[in-house]
Each structure stands twice: as structure tokens, then as C-alpha cells.
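Look through the structure before reading the points below.

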Amino acid sequence: MQIQWMRKVRLNPPQVLALGFIVIIFIGSFLLSMPMSSAEGVRSPFIDSFFMATSAVCVTGLSVLNVGSHYSLFGEIVILLLIQVGGLGFMTMATLIALVFRRRISYKERLILKEAMNHESTQGVVGLIRKVLLYALVIEGVGALLLSIRWMFEMPMGKALYFGIFHSISIFNNAGFDLFGGEPKPENGFFHYVDDPFVNLVSIVLIILGGVGFIVIADLISYRTNKKLTLHSKVVLTVSGGLLAVGALVIFIFEYTNPATFQPLSFMGKVLGAFLQSATSRSAGLLTVDVGLLRQATQFFLVILMFIGAAPGSSGGGIKVTTFAILMGALIAMIRGKEDIVMFRYRIAGDRIYKAITFTLFSFIIIVTATMLLSATESFPFLGILFEVTSAYATTGMSMGLTGQLTLFGKILITTLMFVGRFGPITMAYILVPKPEKVKIRYPEGKITIG
């Protein structure tokens, strides 16, 4: 699996991952720009193809071209493969090939896999990869079967199966791409399924399973034998469940009387719409209502949910629910006058707290800077620009309509945000900056007045 020139250059694991994703993005861009990828048989602009390939590999879902109407079957399959590789990680796919051909996984490759899976150590990482591939195949397969059965009532069997497979992979990997843009219906996307219990429940389950991460899924499956969950899984499940419930409640209240979104729906339709928008806002980007028609309070609340994002080790972005949990834990500890952050009777290590604060501040600076830049180049309301920037950085894929109107600079900036958001700012800094040397001098402690 290792390439000789990589050994000579001595790339560290994050650099190998970034380089691998860049190569895949450019291959995807080339394929999507070819005439055979277009439904009309014409060559697509490379910048648009580059945007779409980045969005697919970074499992974001933002689109400058309509997947369902612009692309041919070949182009749709290219996007689907990019989503799958981007969601599972190219190193996971490379490991699958190595395992099939009984190739030995070297220590450096294990380090790269550890980085890709956000795992604590190299121990057991290959076993985790096997589980990841198995779980992904089973979950996507079941999701595809359920959605195909539902759509067989609306379309031919072959098309229903294809739609089921495409959308199951897209939703589970938190990409949010859909094929309904090419359908002869007044609605776009999943809007006409806003009050469909079956489609909503299947989609919500796929989003949640894709958002909690494979480490948590593996932990849940082994719970029957171990009878215990790790601290990571407890925090992820608790915070994710709380955010899902609170998010659904806030959206339900804000949009209940909105005539452009929830008011025409039945009570069950309002509940389903609230829960799906709450779940999808933190990772997936799959929508059953028009975000641009939501009240501004709801739109800003969705920005907060997108900023928090999904769990580490998943295909979702944002600062991650564990980071949010540590920040809330620090707030509660400070209010109570405690020195330690305690979760489920475990004290959180100091380096984790520093990392959470750094990650959050770094992400905030990136979003603020990008929002300022786009505010100067794009003719769009401020909240819409903030929404688009946060969606791109958090790899959520929700849009208020700005994506299709972006200038060349805007497309390049949003593409960069998607890439940085997929890896995280700290990882990107580690990619670009050499490993820092250990400090040999420790200065005396000083105190600054706070507040």
C-alpha cells in the first residue's frame, strides 16, 4: 500500500490523508467535467465540477449543479462513489483492498488509519476498520432496501432500487445529495416527503447512525457482551440525544405557525419535520422544508446546531458534540466553583479541555473571517452568508439559496471551507506546520484579571 515517493518525502499521517483526499477530489473533478457525466452530453465547467467533487468527498452536499437533472447515470455514480470514499475514508477503502489481497498493514499505515478514524491508539485499529466496513455495508443495505420498498409504490422497480441505494449511502454518510431534482414535480429534494412517516423515520435513523460515528456503533453492538459503554460513547449518545430533542422542540415552536413551512402540515407532519430538520442540521443536510422560508430565529438556531455538528469518528463536521460537552462542562464547573470537569464520574484531562477550547475558537475565527470575505463579494443577506459559510465548514450541506449564485471567488472559498471542515482546523494546522519542539524553559506563572 505504501508508495515509495511518500516514504522519501516522509509525510506524516495527516498529510497523507489530506494528499489522498486531494488526489481523489481532482480525479472526481476530471470525471465530472467530462461530457459523458452530463445529461446533455456537454462538458461541465471545471470549477463547478471541482466544487461538486469536493462537496461529495467531504460529504457536505452543497451543490452548484443539480445532481438529479444535470448529471447522467455515469455522473451520478461518480458522485455516489466519491460520497462513499469520502464518508468511509480512502484509507479505509485501501485497507479493504489490502485485506482482500492478504497484504500486511504496516505500522505507518496503522498510524494513518488511527488518524483517519480519530482513534486513540494503533491497537485494534485494523479490527475497527473491519467492523466499520461491515457496519456500513449492513446499515446502507438495510436503508437502501427500506427506501426502495417505499419508492416502488411511486416508480418502476429498477429505478426504485437505484434511488434507494443512492439515497441510503448519501444519507448515512451525511452527504445530503438527492436525485429528485430531475423529477417532474413542483417540489425539489425531499420536500414532498415532509409528512411521510416512513421516509422520515428511515432517514432520521440513517442520519443518527452516520452522525454518532463507528466507534459508538461498535460500542453499542458489543454492549450485549461487555454490559458497559465507554465514556466517549456515553457522552456522544447523551449530548446527541439532548441536542436532537431540544433542536426539534425549538424548531417546532418557532415554525408551528409559519404559513410557508409548518402551518399547513398536520400535527404529525410538524413533529416529523421538526425532528428531521433537527437531526439533519448537525450533519446530513437532507431537508424536507425550504430553509430560506424558515423564520430568522430558526435559521440562526440551525447555524448553532451546524456549528456544534456530529460526533468524532463520523462523517459529520462541526466542532463535534464531545467538544460542546466539554465546553458546557467547563461552564458548569466554573459556576459551581469546581476545578475539574466531571462526566459520568470521570475527570476530563486538561489537554482535552485545551484542545476543545482551541478547536472551538479556531473554528469561530474561520467562520467569522469567511463570512466577512463573502459579505464583501456576494450580493446576499448577512444571515444567508453566515448560514452558507457555517454549512460548508460544518460539512452539513444546508443552503438558503446562495450556493447557486456564488461568484468564482465564492466558489473557491466555500470549497476550501468544505475541505478544512472535513479535517478540522487543528489537523490542517498540523498538516501545514511542522511538529512543534518541546519547550525547554517554563516561565513563572502570572495572573490576568478575567471578567
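Rings of Phe, Tyr and Trp, with the six-membered ring used for Trp, count as a pair if their centres lie within 6.5 Å. By that rule, this predicted model holds 15 aromatic pairs.

**Aromatic rings**
- One of the pairs joins Trp151 and Tyr193, with ring centres 6.2 Å apart and planes at 55°, so it is classed as tilted.
- Trp151 belongs to helix α8 (residues 125-151), while Tyr193 lies in the loop between α9 (157-172) and α10 (197-212), so the pair ties together parts that are 42 residues apart in sequence.
- Trp151 and Tyr193 are both buried.
- A cluster linked by ring pairs contains Trp151, Tyr162, Phe163, Phe166, Phe180, Phe190 and Tyr193.
- At the ring of Tyr256, the charged end of Lys270 sits over the ring, 5.0 Å from its centre.

- In soluble globular proteins, nonpolar side chains tend to be buried together.
- The largest nonpolar core here has 118 residues, and Met52, Ile79, Trp151, Phe177 and Ile414 touch the most other members.
- Helix α13 (residues 231-255) gives this core its largest share, nine residues.
- Leaving aside residues up to four places away in sequence, Phe177 touches several residues, including Met52, Ile79, Ile83 and Phe166.

**The whole chain**
- The protein chain has 20 helices and two strands.
- Of its 451 residues, 53% are buried.
- Among contacts with a separation of 6 or more, 67% are between residues 24 or more positions apart.
- The chain exposes about 22100 Å², and carbon and sulfur atoms supply 67% of that area.

How values were computed. Residues numbered from 1 in each chain as written. Predicted model: local features only at pLDDT ≥ 70, side-chain atom pairs only at ≥ 80, totals over all residues. Heavy atoms only, no water. Core = buried A, V, L, I, M, F, W, Y, C linked by side-chain atoms within 4.5 Å. Buried < 20%, exposed > 50% of the residue type's maximum accessible area, 1.4 Å probe, protein only. Helix = DSSP H or I, 4+ residues; strand = E, 2+ residues; numbered from the N terminus. Contact = heavy atoms within 4.5 Å. Phe/Tyr/Trp six-rings, centres within 6.5 Å; stacked < 30°, edge-to-face > 60°. Lys NZ or Arg CZ within 6 Å of the ring centre and 35° of its normal. Areas by Shrake-Rupley, 256 points an atom, 1.4 Å probe, with all protein chains shown as cover.
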